[in-house]
Amino acid sequence: SEMLGLSGIEKTYNAGKPSEVQVLRGVDLSVARGEIVGLIAPSGAGKSTLLHIAGLLDVPDGGRVTIAGEDMTGLGDRRRTGVRRAGVGFIYQFHHLLPEFTALDNVALPQLANAAPQAEAEARALALLDKVGVAPRAGHRPAALSGGEQQRVAFCRALANRPGLLLADEPTGNLDPETSDRVFDTLMGLAREEGLSALIATHNLDLAARMDRVLRLEAGRIVPV
Ligand code: ADP
Ligand code: ADP
C-alpha cells in the first residue's frame, strides 16, 4: 500500500508579479510502505519546495497530497500539525540540533512534545543512539560531536516518534565522502529495521543507486532517470 502520494502538485511563488516563478508543474509520485525512494534534483529544480509540501509544511496551489491513504487536501492547520508531528520525520542537511541540549535530550525532546513519559522517551532515545553507534556520546552537546555523529543524532531525532514517513534533504551532504558512505549505511540499516518509508533527496548518484528506486525532478516535473 501507499505511504506518500503526490498527484498533480503545482506551486508558483510570487504569482502575478515580475518575479513570478512556477516551481512545480504537476508532480506525480508515490512512495509505498517500506520503500526508500531517492530524489535527484539539480539545484533550483524545486526539491525543497516538494519536500516541504510532502511534509505538510507548505500547501500546494494545485494537486493532492495523501499520507497513509488519507487525503491532506483542505485539512486545517491543527490536523496538519498533528499528522506531521506523529507521522513524518524530517532530516535536513544542516541538522539544527539544539546546541544547549545533549544528544540524548535532542532525541528525547520530540517525544516529550508528543506527550511521551520522560523515562520512556529517554529509553527510546538511548536505544536509537545505540543503533547508530553514538550511545557512548549521549551525554555530549552537539558541539562536542563530529559531523558524522551529529548527523546520526539528527537521524535518531527524526525517527524518535516512530514516523511512518521520513523526508530527508541531503542527509549526508555536509560530510566527507567516506563518512557520508558510513553514515548512509547506518541510516539505511536503521530505516529498514524500523520499516520506514522514505523520500531522500541527494546529489550523490552512488547513494541514490542503493535505494529501492530513484526519481529525478527537473524543471518542476518528475522525469525518467
Ligand atoms: P531546490 O531545493 O531544488 O534548490 P527550491 O524548491 O528551494 O529548489 O526553489 C525552487 C525555485 O523557487 C528557486 O528558483 C527558488 O529561488 C524559488 N523559491 C523558493 N522558495 C521561494 C520563496 N519562498 N519565494 C520565492 N521564490 C522561492
Ligand atoms: P567521525 O569519523 O565519526 O565523523 P571524527 O573523525 O570527526 O569522527 O572524530 C573522531 C572522534 O573524535 C569521535 O569520537 C568524535 O566524537 C570525537 N570528536 C570530534 N570532535 C570533537 C570535539 N569537538 N569534542 C570532543 N570530541 C570530538
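This is a predicted model: local features need pLDDT of at least 70, side-chain atom pairs count only at pLDDT 80 or more; totals for chains, interfaces and linings use all residues.

Biologist: OK. How far is the polar side-chain atom of Arg152 from an oxygen atom of ligand 2?

Modeller: That distance is 3.3 Å. There's a backbone contact too: a polar backbone atom of Ala144 sits 3.2 Å from a nitrogen atom of ligand 2.

Biologist: And which residues are around ligand 2 overall?

Modeller: Arg137, Ala143, Ala144, Ser146, Gly148, Glu149, Arg152, Thr179 and Arg182.

Biologist: Switching to ligand 1, what surrounds it?

Modeller: The residues there include Tyr13, Asn14, Val21 and Val23, plus Pro42, Ser43, Gly44 and Ala45. Gly46, Lys47, Ser48 and Thr49 are among them as well.

Biologist: Which atoms of Thr49 come in, side chain or backbone?

Modeller: Side chain: an N or O atom there is 2.5 Å from an oxygen atom of ligand 1. For Lys47, a polar backbone atom is 2.8 Å from an oxygen atom of the ligand. Gly46 has a backbone N or O atom 2.9 Å from a ligand 1 oxygen atom.

Biologist: New topic, helices. At what angle do α3 and α5 pack?

Modeller: About 20 degrees, with the axes 8 Å apart; α3 covers residues 103-113 and α5 covers 147-159. So α3 is roughly parallel to α5, and the crossing is right-handed.

Biologist: Which residues meet there?

Modeller: From α3, Ala103, Asn106, Val107 and Pro110; from α5, Val153, Cys156 and Arg157. By type, that contact has 5 nonpolar, 1 polar and 1 charged.

Notes: Residues are numbered from 1 along each chain as its sequence is written. Chains are lettered from A and ligands numbered from 1 in the order in which they are written. Side-chain values use heavy atoms; hydrogens and water are left out. Axes are lines fitted to C-alpha atoms, for helices over the stretch in contact, and angles run from 0 to 180 degrees between N-to-C directions. Helices (H or I, at least four residues) and strands (E, at least two) are DSSP runs, numbered from the N terminus. Angles under 35 degrees count as roughly parallel, over 145 as roughly antiparallel, 65 to 115 as roughly perpendicular and the rest as oblique. A crossing is left-handed if the near helix is turned anticlockwise from the far one by less than a right angle, and right-handed if clockwise. Contact means heavy atoms within 4.5 Å. Ala, Val, Leu, Ile, Met, Phe, Trp, Tyr, Cys and Pro count as nonpolar, Asp, Glu, Lys and Arg as charged, and the others, Gly among them, as polar. A residue is near a molecule or strand if one of its heavy atoms lies within 4 Å of it. A polar contact is a pair of N or O atoms within 3.5 Å; within protein, one must be able to donate a hydrogen and the other to accept it, and residues adjacent in sequence count only if both atoms are side-chain atoms.
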